[in-house]
Each structure stands twice: as C-alpha cells, then as structure tokens.
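Here are a few notes to read alongside the model. Take them in order and keep the viewer open.

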Amino acid sequence: MRMFLTEEQEMLQRSVRKFFENEVPTDLVRELQKPESSGHSEDLWKKMANAGWLSVSIPEKYGGAGGTLFDLGLIYEEAGRVLLPTTFYSTMFASFLINEIGTEEQKSTYLSKIAAGEIVSTIAYQEPQSFHNYACYTTVARKYKDRFYLTGQKCFVANAHLANPMIVLARTEDEIGREGLSAFLVSPQAKGVSIKPHQTFGKDRQSIVEFAEVELGRENVLGETENAVAGFHIALLKATALQTMEMVGGMKKVIQMTVDYVSTRKQFGVPIGSFQAVQHHMANMAIYRDGSELLAYQAVTLLSNGEKAEREITIAKAYASEAYKNISVMAHQLWGGMGYATESDLYLWSNRAKATELSFGTRDFHLKNLARFLEETYLTGA
Amino acid sequence: MHFKLTSEQLKWQKEVRDFLKEVVTPELLKEVEEHEDKEPGPLEKEYKRKIAEKGWMGISWPKEYGGLEKSAVEQFIFIEELRYAGAPHPFGAGVSIVAPAIFKFGTEENKRDWIPPIIRGEIDFALGYSEPNAGTDLASLQTRAVLDGDEWVINGQKIWNTFGHRVSHQWAAVRTDPQAPKHKGISIIIIPNNAPGVTLVKQKTWGNHTTNEVFFENVRVPKNHLIGEVNQGWKILVSALDSERIAMGSSAQIRRVFDDLVKYCRHTVIDGELLIRKPEVRMRLAELYVDLEVALLFGYRGANLIDVGRDASAEASMMKVFATELMTKVADYGMQITEMYGQLNKNDEFAPLQGRLEHLYRLAPFHRFGGGTNEIQRNIIAQRGLGLPR
C-alpha cells in the first residue's frame with residue numbers, strides 16, 4: 001500500500017495546476033457559459049494540445065505520450081478544480097471507445113487527431129427513456145446492401161454541436177438477424193441529423209440529437225458491427241472513474257475557497273472560522289473530500305493497472321456523488337449571502353457538483369450495482 | 001389533542017383555496033416571473049387589490065386596525081394555501097412584519113400614519129437590516145441616523161434587501177447612539193425609497209431572485225418616521241424576527257413540489273420501468289413523505305403556540321431549520337430520482353415539473369442562511385429549548 005503520489009506524479013500535477021491557473025480563470029468559465037458562446041475555447045484547446053494534456057494516455061504509436069490512465073486522472077482532477085469546459089471530458093470519453101473497438105486505421109486516424117487537438121468528440125448513447133439499459137435503446141441503423149440508415153433520438157449528448165465525429169450507439173442486425181449494438185462515426189452536418197440544445201441549470205452544453213434516416217457507409221462503423229457493448233462498457237467505466245477525479249478536484253477547490261472565506265470573514269469581532277459549528281461543518285467537508293480522493297485514486301489506479309475495477313469504480317461514484325454535492329451545499333451555508341450573489345463564483349462549482357452527481361449514474365444507481373454484488377459475489381470467494 | 005382542522009378552519013381553507021383557483025391565472029404567474037426584478041405589473045397589482053378588497057391583508061390583525069382578527073392557525077392556513085398554489089406573495093414585509101411591530105411597539109402617531117396605507121396595499125416595505133459587515137452579528141450594524149432639528153439624517157449601507165426594488169419604503173434598523181452598548185443604540189426608522197440620497201443597486205443571486213444593496217447618503221426623513229422610542233429598536237427587531245421565522249416554517253411550497261414529483265414518477269418510464277415502481281425511488285419518496293408530515297405538524301404547532309400565548313422561540317427555530325433543510329432534501333432527491341432530467345431548467349420542454357426541482361435546489365440555500373442562519377437557530381433550540389448554557 002503506498003497511497004501517495006510519486007515524485008513524477010507530483011511534478012505532473014504541479015505543472016498542470018499552474019497551466020490551468022493561468023489559462024482557465026473564472027472569467028473565462030463565465031464567458032463560456034453565456035448562451036451565445038459555444039462553451040468551448042479553441043485557443044485553450046490548442047494550448048492544451050501543445051502542452052500535451054490531451055494526449056497523456058493515448059498510446060505513443062498514435063501520437064500520444066503513452067502515459068497511464070492515472071496520469072490522465074491527475075489532469076481530470078486539476079480540470080475539476082478550475083471548471084474546465086466539458087469538451088475535454090466528452091472527447092476523452094470518445095477516445096476510450098475508439099481505443100477499445102476501433103480498427104487499427106481508425107485508432108491511428110482519430111486518436112492522433114485528438115492528441116493533436118484537431119477534433120472535439122462525444123458519444124451519443126443515452127435516450128429519453130433509457131439511461132443505463134441498452135436493451136431499451138430505440139435508435140437503430142437499418143442495413144441495406146452496403147449502406148446503413150440511422151434513425152432515432154439521443155439525448156444529453158455533451159457538446160454535440162461541436163463534435164466531429166459524434167459516436168452514436170445504435171442497434172443493428174447482422175445477415176442472419178442477430179441483433180447487437182454498433183457504434184457509428186457521424187458528422188453533425190450529415191443529412192438527417194438535427195441538434196437541439198438542452199437547457200441545463202449548470203449551463204454545460206448538452207443536446208438532443210435526432211437522426212432521420214441518416215445514410216452511413218461501412219467506413220462510418222467504429223470497429224465491427226454488433227460488437228460495441230463490451231468496449232463501450234469499458235469506456236464507460238473509465239469515464240466514470242475519471243469523472244470522480246474531476247469531482248475531487250472541484251471538492252478541493254470549494255473547500256480551499258471556503259477555508260479562505262471563513263478565515264477572513266469576521267462577525268462578533270472574530271473570524272467566523274473560529275466558531276465551533278463552522279469548524280465542524282468544515283471537518284465534515286474534509287472527511288467527504290478525503291474519502292472521495294482515496295476512492296477515486298484507488299479506482300483509477302486499478303484501471304491504470306489493467307484491472308476492471310468495477311467494484312471500486314461504483315463505490316467511488318456512489319460516494320463522490322454525495323460528497324461533492326454536500327460540500328457545495330455546506331459551502332453555501334458557510335458563505336451565506338456573500339456566496340449567494342452571482343458576483344461570487346461559488347455557485348459555478350455548486351452547479352457542477354449537482355451535474356456530476358447526476359451523470360454516469362446517481363448514487364442510487366451505483367448502490368444498486370453494489371447490492372447485486374453483495375448478493376451474488378461478496379464473501380463467496382469469487 | 002386535536003390533529004384535524006375544525007369545520008370553521010376547513011371552511012376558511014376552502015374559501016382561500018377557491019379564491020386562489022380563480023385569481024391565480026397562468027397570465028398572472030407569467031407576469032410575476034417577468035417582473036421579478038422590476039416593480040409589480042398590472043396583473044399583479046390587480047391581484048393584490050382583490051386580496052386587499054377581501055380584507056386579507058391583515059388576516060390576524062386586530063379589528064380596530066382593519067384586520068380580521070383571525071387566529072395564527074388561520075393565518076398559517078392562508079400562507080400554506082398561497083404557497084401550495086404557487087400564488088405570488090400578495091404583500092412584502094409591510095403586512096407580515098412591519099404592521100405587527102407597529103401594533104406592539106409603535107406610538108399612536110406611528111399607528112395612525114402607517115397602518116391604514118399598509119392595509120390598503122398602498123405602501124409596502126423591505127427590511128433594511130443586514131449590512132456588508134453585519135449579517136449574523138446584526139447588532140454591530142453601522143448605518144447612522146442623527147437628529148438634525150425636525151429630521152433624521154441617515155448615512156450608511158444595507159445589503160440583501162429582498163424586494164427592495166419592488167416596494168415603497170425601507171423598515172431600517174439604524175444606529176442612533178454610537179456610545180451605547182451595541183444592542184442599546186439601535187432604532188427603527190422608516191425611510192421612503194424615493195427620498196433623495198437613497199440608491200438601490202440590484203444584485204442577482206444563484207436562486208434567480210433579485211436582491212439589493214441600498215445606499216443612504218445624507219437622506220433626510222421627518223422625525224416622526226421613528227418607530228416607538230429611540231434606541232429601543234433592538235427589541236422591535238427581535239420580535240419582528242420571530243414573525244419572520246414562523247412564515248419560514250411553512251412547508252406547503254415544498255409539499256407541492258413533492259406532490260408533483262410523485263405524479264411525475266407515476267407516469268415516467270426510464271430504463272424500462274416506471275419510476276414509481278423502482279424500489280430506490282419508492283424509498284426516497286416515502287422518506288420525504290415522512291419528513292413533510294413532520295414539517296406540517298411543526299408549522300401548525302408554531303401557530304398553535306402563538307394562539308395560546310405561549311413562548312414559541314425554540315419551536316419556531318426548530319420549524320425553520322427543519323423546513324428549510326427539507327427544501328434542499330426534496331429538491332436534491334427529486335433531481336436524483338429524475339436522473340439526467342433533473343438538471344433541466346424551465347426553458348427546456350423536457351424539464352420535470354417545469355424545472356421546479358432545480359429551481360428549488362438553488363433557492364434552498366437562501367432559506368437556510370436567511371432569516372437567521374440555521375446554526376444560530378440550532379443555538380436557540382439548544383439554549384431556549386433544552387436549557388443548555390450560552
């Protein structure tokens with residue numbers, strides 16, 4: 001057991017933190033959240049590419065740095081600290097799927113483009129009536145000769161308006177009628193694609209995307225048809241684990257800002273940070289933060305080492321969901337009016353805390369996973 | 001013990017409910033929302049006029065002041081019906097806080113000057129209490145009032161002035177004796193918002209409601225704008241805070257969100273199953289239902305205690321803590337139950353409950369620290385309720 005960062009990891013963390021502190025001030029975050037903005041900064045994206053932050057865990061043969069998933073996790077944590085635009089997360093998520101199921105040529109093409117900061121991507125998988133159960137997907141791609149015709153509706157697609165390619169999960173049938181899930185690389189400009197933005201309280205860019213008989217060819221299939229499930233499941237696990245790293249970064253930032261606030265804000269002639277009630281609240285926040293950090297680091301470390309780590313990932317998300325949200329709620333309590341006016345930045349993290357609680361499975365979803373594990377696997381020697 | 005409303009009270013409840021069904025139209029609600037950061041629009045003014053016409057501005061006021069002299073329980077029923085219906089507040093602090101304070105502490109001249117226009121709905125008030133350096137430590141407020149001949153001259157700054165931009169007057173707590181110990185040098189003076197030297201600057205909040213900073217620069221008001229006696233303001237303020245806390249114990253707004261959430265769960269399928277059938281959703285809804293019952297009874301208890309003339313400070317604090325934290329809980333659970341849909345706001349056609357879950361979530365923090373932070377309330381529960389030492 002060695003639960004501290006290595007010197008190399010600390011160096012990486014320091015340089016990423018410094019980069020983000022310089023390049024992602026809250027003014028930029030606010031700017032990108034305005035409705036007229038796309039939510040993405042090309043300038044920042046290029047800088048991130050040049051600094052190597054987009055290519056950390058992409059294999060060297062595709063133009064990446066060949067680092068570990070944990071290294072990428074450290075970047076996620078720093079990103080969460082500064083509220084980095086979500087194009088980073090959706091593009092990385094897409095890169096995991098490409099890496100899992102793409103052909104060698106597709107990996108070479110798309111992963112190198114991602115590493116170089118040339119494209120933004122995303123995965124369109126959730127549907128209005130289906131968040132976790134692929135059997136309920138109604139988006140299908142009918143095959144006719146060598147063409148596919150994609151029809152259906154996906155929702156909560158992050159950055160759909162910017163992604164090219166958008167990776168769409170749809171049900172297909174092979175020649176003898178066996179059904180399976182396939183992943184298609186779709187351009188948002190393709191005929192039959194229409195994108196309508198959601199209106200989210202956190203102001204991050206998610207859309208409903210409708211596909212009306214979008215014509216696609218063999219070259220649009222990511223990997224093999226009827227073969228996306230296993231690879232998608234792994235990509236989803238990675239994205240979930242890494243999101244908990246992002247959440248930990250956000251938690252740390254909120255706690256730091258709140259420590260600063262309660263140490264300087266005075267009432268009754270003393271800093272409010274000297275009141276016992278305030279200290280107890282802050283201690284509770286610290287417990288949530290540290291628990292989340294250890295769980296996130298554990299999950300990502302095991303994934304990094306090639307383990308599936310499903311148990312660890314589900315525990316991390318179940319806990320972090322509650323932790324980040326509660327930290328933000330308690331921060332508002334301690335900041336009072338000063339943190340509630342929108343001139344203050346606190347609410348930006350509160351929004352993100354709630355949004356990340358809901359995405360990649362709520363606490364209840366993950367507790368149900370664990371319940372199954374407790375019933376079937378736990379203490380059975382399996 | 002009686003845990004049911006009497007037939008009189010039920011009749012009153014029905015009267016209020018039927019009236020609100022008629023006057024609370026979608027057009028009214030839309031106008032109120034659009035005018036949130038401005039003065040009330042014509043439909044809202046008409047709505048207030050109708051309520052004033054029914055004599056409902058002063059439901060629990062003494063008859064001699066034009067009130068209906070109804071009990072606190074009946075006042076509570078009225079507030080609960082308003083909140084459940086999502087009806088706009090018909091009055092600001094004028095009816096709920098200022099008038100009761102003037103009945104209790106005002107001079108005869110104060111009563112003659114201020115009560116009639118309040119009950120006619122002609123004037124309304126914002127509470128000018130908090131300052132940038134005086135929040136929980138309200139007694140250290142600095143806004144200064146100096147008597148100059150027949151006028152008070154006021155200088156200073158207030159903050160978190162809720163509804164300031166929608167009302168005609170400030171009910172301002174000011175320092176009239178800087179030499180005295182801080183609680184003993186405070187007075188309440190009424191200041192018109194349109195007096196020269198008064199400037200309001202709007203502040204937008206996370207919960208979307210507008211509040212204000214109020215600047216006073218050599219503002220002059222007549223001497224008789226002082227309420228009660230000079231330097232007696234603290235006890236007026238404290239008793240006024242008690243009335244505010246009772247109102248903050250109403251849980252009907254939260255109950256309404258819960259009821260609509262249950263309906264949503266009955267009809268929404270996610271991942272192949274109606275939400276209401278999922279065990280984890282059922283457990284969360286049942287948990288909220290229990291808490292809502294407690295909140296309801298706390299509310300009625302508070303009103304009951306006032307009616308029988310018993311001290312209600314610990315109970316009021318308990319009610320406030322419970323209801324405001326339940327607000328977060330209902331919104332939080334609701335957003336989790338609806339999963340990805342929970343993050344949609346009212347501008348999205350797929351938003352559950354027209355975006356009321358996420359809106360309630362953002363409103364809740366304000367209620368938890370406003371009106372006396374829940375930490376202070378817990379101190380009161382411990383000290384006044386349990387007799388623990390200060």
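How many residues of domain 1 of chain A are in contact with domain 2 of chain A?

1. It's 15 residues of domain 1 of chain A, and they meet 13 residues of domain 2 of chain A. "In contact" means that the C-beta atoms of two residues, placed from the backbone, lie within 7 Å. On the domain 1 side, helix α5 (residues 87–101) of chain A gives the largest share, six residues. Helices here are DSSP runs (H or I, at least four residues), numbered from the N terminus.

2. A word on the source: this is a predicted model, where local features need pLDDT of at least 70 and side-chain atom pairs count only at pLDDT 80 or more, while totals for chains, interfaces and linings use all residues. Residues are numbered from 1 along each chain as its sequence is written, with chains lettered from A and ligands numbered from 1 in the order in which they are written.

3. Now for the layout: chain A is split into domain 1 (7–119), domain 2 (124–226) and domain 3 (230–376), with bounds from an automatic or database domain assignment. Taken over C-alpha atoms, the centres of domains 1 and 2 of chain A are 24 Å apart.

4. Next, the two chains: 34 residues from chain A touch 35 residues from chain B. On the chain A side, the elements giving two or more residues include α9 (310–335) and α12 (363–376) of chain A.

5. Have a look at α9(A): 22 of its 26 residues are buried (20 or more other C-beta atoms within 10 Å of their own, all placed from the backbone), so α9(A) is largely enclosed by the rest of the structure. Just after α9(A), A:G336 has a positive phi of about 60°.

How values were computed
Buried ≥ 20, exposed ≤ 12 C-beta atoms within 10 Å, placed from the backbone.
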